[in-house]
Amino acid sequence: MSMHVPVRPAWTCAGCGQAWPCLTRKRQLLAEFAGARVSLMLYLSRFFVEACVDMPATTSGTLYRRFFTWPYEPSDGRHGNESAPPGR
C-alpha cells in the first residue's frame, strides 16, 4: 500500500505534502494500471468527483487537469514538438 494517499479536504499527499496525485503516486498508478488506461481513468474519476465536492472554490477545469491530463503527458521529460515522431 502506498504512503502517497490523499489527505482530504485539501487533497495534499500524506507521503510528501504535494498536491495529490503527487509525482510518486502518478508513477505508481502508471505502473499499477500499465496497459489499462481506461481503468486508470475510471479510478481517477472517483477521486475527481470527491475533490470537486471537497474543493468547491477550485474550478472544475483546474481539477480536471490535475486528475486527468497527466497520464497522457510524455514521461521522458520532453515537451512540445520534441515529443513528436521524426518528420512531423
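This is a predicted model: local features need pLDDT of at least 70, side-chain atom pairs count only at pLDDT 80 or more; totals for chains, interfaces and linings use all residues.
Local features need pLDDT of at least 70 and side-chain atom pairs count only at pLDDT 80 or more, while totals for chains, interfaces and linings use all residues. Residues are numbered from 1 along each chain as its sequence is written, and side-chain values use heavy atoms, with hydrogens and water left out.

Begin with the whole chain in cartoon view. The order of elements from the N terminus is β-β-α-α-α, that is, 3 helices and 2 strands (DSSP runs: H or I of at least four residues for helices, E of at least two for strands). Of the 88 residues, 25% count as buried (under 20% relative accessible area with a 1.4 Å probe, protein chains only; exposed is over 50%, partly exposed in between).

Next, select W11, W20, F33, Y43, F47, F48, Y64, F67 and F68, a cluster linked by ring pairs. The structure holds 10 aromatic pairs (ring centres of Phe, Tyr or Trp, the last by its six-membered ring, within 6.5 Å; stacked under 30 degrees between planes, edge-to-face over 60, tilted for the rest).

Zoom in on W11 and W20, a tilted pair at 5.9 Å centre to centre and 55 degrees between the planes. Both W11 and W20 are buried.

Move to F33 and Y43, also tilted, at 5.4 Å and 40 degrees. F33 lies in the loop between α1 (23-32) and α2 (37-54) and Y43 in helix α2, so this pair ties together parts 10 residues apart in sequence. F33 is buried at 15% relative accessibility; Y43, at 27%, is partly exposed.

Finally, select R37 and Y72: R37 lies over the ring face of Y72, 5.3 Å from the ring centre (CZ of Arg or NZ of Lys within 6 Å of the centre and within 35 degrees of the ring normal).
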